[in-house]
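Welcome! Take a moment to look over the sequence and the model, and then we can walk through some of the details together.

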Amino acid sequence: MPMTADLHALSKLPRDEAFRQWLGLPGEWVEEPNVRRGGESGVKRLLTTDGKVLYRKQQIAHTYRSLRHPFGYPTSMREASVLRDFAALKVIVPVVVYSDCRKISGTWHSLLVTQALDGFSSLEDCYARGDHQQWGEALHRRIVHEVGRTQARFNRARWQHGCLRMKHLFVRLQDDNVEIATLDLEKTRQRITALYAARHDISQLRRHTDWSDELWQCYLQGYAETFGPAFKDI
């Protein structure tokens, strides 16, 4: 069995064999399997043959229910769909490399493989390391402003992250560019209105940040610029 993922070779395999090969690739646990939603979910770090880092979420009987799937369907399959929808909105998220599921002896098994976000670091880690003290006020404001713009981009499309924290917002600084990525979309839902999604995520983020009033206004300014005139009703 290969120790690294040969993406070209894996893409040529029949569906059942591809699932078996992806599941069999060895890796390092970055999130030990835990029991949630009546099932098991964990994440391993893998390497490709050309040295890239991937993350494989593997789940057993870890499902959600909806009108479309009243008897349950793997949560990772919904997450894969949301990742693709966010990417279409120009929101930076991990690229989906592979996703599939199947029932084995009546139990759902699923895999979601994504690319690592090279060069990005969570805002939680940035603040813990004291990076913000090196950024200076102007760059710090730009980063927070871009967080608002990024969040508004998916809220405007009626997507509600549902669990927004500093650990889910990642930043990459390259030359004069500030890029914000969003992770952990397992709980993301599309709500009835954009305002509903916006109110929930803004309120939740505010409860879990200790930004100054000045930084919070920078965030709201970026948010309003992207969300549009309806922002006044939030």
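## A hairpin to start with

Two strands count as paired if DSSP finds at least two bridges between them. With that in mind, look at this predicted model and find strand S2 (residues 39-47) and strand S3 (residues 53-60), which pair in the antiparallel sense over 8 bridges. One of the pairings to look for joins arginine 45 to tyrosine 55, its bridge partner in S3.

S2 and S3 form a hairpin, with 5 residues between the two strands.

## An open sheet

Another set of strands is worth a visit. Here 3 strands make an open sheet, in the order S8-S10-S11, with antiparallel pairing. Strand S8 (121-122) and strand S11 (177-182) are the edge strands, as each pairs on one side only.

S10 and S11 are joined by 6 bridges in the antiparallel sense. Among the residues involved is valine 171, which has isoleucine 180 as its bridge partner in S11.

## Aromatic rings

A pair of aromatic rings is described by the distance of the centres and the angle of the planes. How many aromatic pairs does a search of the whole structure find? The search finds 11. One of them is the stacked pair of tryptophan 22 and tyrosine 98, with 5.3 Å centre to centre and 20° between the planes. Tryptophan 22 belongs to helix H2 (residues 15-24) and tyrosine 98 to strand S6 (residues 96-104), so this pair ties together parts that are 76 residues apart in sequence. Tryptophan 22 has a relative accessibility of 3% and counts as buried, and tyrosine 98 is buried too, at 12%.

Tyrosine 223 and phenylalanine 227 also form a stacked pair, 5.5 Å centre to centre with 25° between the planes. Both lie in helix H8 (residues 213-227), 4 residues apart, or about one turn of the helix, and both are buried. Ring pairs also link Tyr223 and Phe227 into a cluster with Trp211, Trp216, Tyr219 and Phe231.

## Charges over rings

Rings can have charged neighbours as well. The charged end of arginine 78 sits over the ring of tyrosine 64, at 4.0 Å from the ring centre. In a second case, the charged end of arginine 102 sits over the ring of phenylalanine 19, 4.5 Å from its centre.

## A buried histidine

Next, find histidine 109 in strand S7 (residues 107-115). Is histidine 109 buried or exposed? Its relative accessible area is 18%, and buried means under 20%, so histidine 109 is buried. Leaving aside neighbours within four places in sequence, histidine 109 is in contact with Phe19, Gln59, Ile60, Asp100, Cys101, Arg102 and Ile104.

## One face of helix H7

Helix H7 (residues 194-207) has 14 residues, which should span 20 Å at 1.5 Å a residue; the end C-alpha atoms are 20 Å apart, which agrees.

Which residues of H7 are buried? They are Ala194, Ala197, Ala198, Asp201, Ile202, Gln204 and Leu205. Looking down the axis of H7, you would see these buried residues fall within an arc of 165°, so they line one face of the helix. What do the buried residues of H7 pack against? Their partners are helix H6 (137-155), strand S9 (159-160), strand S10 (169-174) and H8.

Key:
Residues numbered from 1 in each chain as written. Predicted model: local features only at pLDDT ≥ 70, side-chain atom pairs only at ≥ 80, totals over all residues. Heavy atoms only, no water. Phe/Tyr/Trp six-rings, centres within 6.5 Å; stacked < 30°, edge-to-face > 60°. Buried < 20%, exposed > 50% of the residue type's maximum accessible area, 1.4 Å probe, protein only. Lys NZ or Arg CZ within 6 Å of the ring centre and 35° of its normal. Expected span 1.5 Å × (residues − 1). Arc of directions from axis to C-beta. Contact = heavy atoms within 4.5 Å.
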